[in-house]
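Hello,

Here is the structure I promised to pass on to you. Please have a look at it first, and then read my notes below.

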Amino acid sequence: MEQLAALLVGKPINILVIAFPFLLAAWWPTAAVATPPPSRRAIRLAALAWLGYAAWEMVVAWRTPEANIRVDLLVIWPVLALLSLWAIWRWIAFLRVVRR
C-alpha cells in the first residue's frame, strides 16, 4: 500500500500515465461499429474516473499541501480499482467476440 501511495498521492502526472491506456482504448477506432459497445462505455467511464482522480489530486496538492492523512483515498482507490477491473474485463470480453 505504501508503494501505491508513493506512486499516486500528490502526483497527478503519474495518474495521467495510468489513465492514458484507458483513454487510448476508449477512443480507439473499431471496425464499422455504429454504436459504442458496452465495453467501450466501461473503458470511457474508467478513463474519466482516472482523469477525475488526477484533477482531484491537483486540487488537494494546491489547496492542502500539508495534508498527511487522506481519508478520501479510502473511497477513491477502491472505486478506481473496481471500475478499472470492470472496464478491463468488459474490453477483453468484447475483443473475444470481435475476433471470432
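**What I found**

From the N terminus on, the elements of the protein run α-α-α-α. Please keep in mind that this is a predicted model. In total there are four helices and zero strands. Along the principal axes, the C-alpha atoms fill a box of roughly 50 × 20 × 20 Å, and of the 100 residues, 28% count as buried.

Let me begin with helix 3, which covers residues 38-63. Tryptophan 50 and tyrosine 53 both lie in this helix, three residues apart, or about one turn. Both of them are buried. The structure holds one aromatic pair. How are the two rings of tryptophan 50 and tyrosine 53 arranged, then? Their centres are 6.2 Å apart and their planes stand at 65 degrees, so the pair is edge-to-face; the cut-off for that label is over 60 degrees.

Arginine 40 is also found in helix 3. Is arginine 40 buried or exposed? With a relative accessible area of 8%, arginine 40 is buried, because the limit for that class is under 20%. Alanine 25 is 15 residues away from arginine 40 along the chain, and 7.7 Å separates their C-alpha atoms.

There is another arginine to look at while you have the model open. The charged end of arginine 63 sits over the ring of tryptophan 62, at 5.7 Å from the ring centre.

Now to helix 4, which spans residues 73-98. UniProt, in an unreviewed entry, places the feature "transmembrane region" at residues 12-30 and 74-98. Over residues 74-98 the model has 100% helix and 0% strand, and the C-alpha atoms at the two ends are 37 Å apart.

Leucine 74 belongs to helix 4. Its relative accessible area is 65%, so leucine 74 counts as exposed, the cut-off being over 50%.

Best wishes

Notes. Residues are numbered from 1 along each chain as its sequence is written. This is a predicted model: local features need pLDDT of at least 70, side-chain atom pairs count only at pLDDT 80 or more; totals for chains, interfaces and linings use all residues. Side-chain values use heavy atoms; hydrogens and water are left out. Buried means under 20% relative accessible area, exposed over 50%, partly exposed in between (1.4 Å probe, protein chains only). UniProt positions are given in the numbering used here, feature names are shortened, and annotations may be inferred rather than shown by experiment. Rings of Phe, Tyr and Trp (its six-membered ring) pair if their centres lie within 6.5 Å; planes under 30 degrees apart count as stacked, over 60 as edge-to-face and the rest as tilted. A charge sits over a ring if NZ of Lys or CZ of Arg is within 6 Å of the ring centre and within 35 degrees of the ring normal.
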